[in-house]
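Have the model open and follow along.

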Amino acid sequence: MTTITRVETFLVAPRWLFVRVETASGVVGWGEATCEGRSETVRTAVHQLAELLVGRDALRIEDHWQVMTKGSFYRGGPILASAVAGLDQALWDIAGRHFGAPVHQLLGGPVRDRIRVYGWVGGDEPSEVRDHISAQVEAGLTAVKMNASGRMSPLASVAELDGVVARVAAAREVLGDSRDVAVDLHGRFTLANARRLAPLLEPYRPLFLEEPVVPENSHLIGEFVRSTPVPVSTGERLYSRQEFLPVLQAGIAVAQPDLAHAGGITEVRKIAALAEVYDVQLAPHCPLGPIALAACLQVGFATPNYLIQEQSIGIHYNRGADVLDYCVDRAALAFADGHIERLTAPGLGIEIDEAAVRAADKRGHAWRGPIWRHRDGSFAEW
């Protein structure tokens, strides 16, 4: 029997929310509903949505997704979409285990045998950037992503812009011509600043410039796209096909939905198909835990227009636990030559250490993002 009997959530260090769905036959699926800084709120939403699932067949994934996302008068947003995402991942995990196949096989089978991955690097000074990137290269990665800056003035000074250029130049020096660097503007730039910066970075040939404007200003992104030949990416704070449509029409090159935010595997597969219509590549956002990463990879193995995958092993946010600490077999998510090989185990392809998760949940976490202000005391985007 694949009847859902229980839904549990676990708030685990460093900043993740795991979801466990159990069936009458004993088959268990895991998902990740992390919403950075708001996971306690998402936890409540998961348990409210669980009322729609308990007692029903876990294999009716599409039907459950429709009911969870459209069964209420008020819809959408990061909290609900993240709650749906965690449950959706868990249902796909159950389906794969039930049929004895990895999720990508249920999505139509593999279109590739391995997926290129990149790592995030910190460092606010060029020397630090060099050190951090060198460490990632030594770990076997062929691509990295870096923050362009910390807080930025609404109209940046020459020193602020030159600081960004110096860091990207340092990254390119370490990486050479055979590796890639992506530059994350993180929504910290006004449109004016982003347009001033882009031509200064063109000589360093970034893989893409990410989130040049905040998502609520997506109507401006087309103007930025038209101002630079550098590929533009966005999407970690967009949660549905409807929200992606305007930025796809605006000419972005790379869509970055987050499997833990944008409705899970079910919705991201549809976002990928929509992106393909616009000749746009997929590079899901994932500075999160092992379940979200495994879900991303399962989509990637079955998706033609999949460019590269973010992963956060060793990221500075991971204090108290790291990506592989909750995995029984760490080798499944190991990378070599800058890639992760195709996962072949049933479901999401990883085994979660349930005892470690339950122990971590007893300790919990209360991760919050920083609140930044400019020198004059006014609020600054981060």
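Our first stop is Arg 205, which counts as exposed at 52% relative accessibility; here buried means under 20% relative accessible area, exposed over 50%, and partly exposed in between (1.4 Å probe, protein chains only). Before going further, please note that this is a predicted model, in which local features need pLDDT of at least 70 and side-chain atom pairs count only at pLDDT 80 or more, while totals for chains, interfaces and linings use all residues. Residues are numbered from 1 along each chain as its sequence is written, and side-chain values use heavy atoms, with hydrogens and water left out.

Arg 205 sits in the loop between helix 7 and strand 7 (209-210); helices (H or I, at least four residues) and strands (E, at least two) are DSSP runs, numbered from the N terminus. The phi of Arg 205 is near 45°, a positive value in a residue other than glycine. Glu 211 also has a positive phi, of about 45°, although it is not a glycine. You will find Glu 211 in the loop between strand 7 and helix 8, and at 2% relative accessibility Glu 211 counts as buried. Another backbone feature is the cis peptide bond that joins Ala 13 and Pro 14, with omega about 5°. Pro 14 belongs to the loop between strand 1 and strand 2 (16-23).

Now turn to the charged side chains. How many salt bridges does the structure hold? There are 24 salt bridges, each a side-chain nitrogen of Lys or Arg within 4 Å of a carboxyl oxygen of Asp or Glu. One of them joins Glu 310 to Lys 145, with the closest N and O atoms 3.5 Å apart. Because Glu 310 lies in strand 11 (residues 309-311) and Lys 145 in strand 5 (residues 143-147), this pair ties together parts that are 165 residues apart in sequence. Glu 310 is buried, with a relative accessible area of 3%, and Lys 145 is buried at 1%.

Glu 223 and Arg 195 meet in a salt bridge as well, at 2.7 Å from N to O. Glu 223 is in helix 8 (residues 221-227) and Arg 195 in helix 7 (residues 191-201), so the pair ties together parts that are 28 residues apart in sequence. Both ends are partly exposed: Glu 223 at 34% relative accessibility and Arg 195 at 39%. Elsewhere, Arg 6, Glu 8, Arg 20, Glu 22, Glu 354 and Arg 358 are linked in a network of salt bridges.

Finally, look at the helices. The buried residues of helix 2 (residues 61-70) are Ile 61, His 64, Trp 65, Met 68 and Thr 69. Why do these line one face of the helix? Seen down the axis of helix 2, they fall within an arc of 115°, taken from the directions from the helix axis to the C-beta atoms. Their cover includes strand 1 (4-12), helix 1 (39-50), helix 3, helix 9 (241-250) and helix 10.

Helix 3 (residues 77-99) and helix 10 (residues 264-277) have axes that come within 6 Å and cross at roughly 95°; axes are lines fitted to C-alpha atoms, for helices over the stretch in contact, and angles run from 0 to 180 degrees between N-to-C directions. Ala 85, Asp 88, Gln 89 and Trp 92 of helix 3 make the contact with Gly 264, Ile 265 and Thr 266 of helix 10, where contact means heavy atoms within 4.5 Å.
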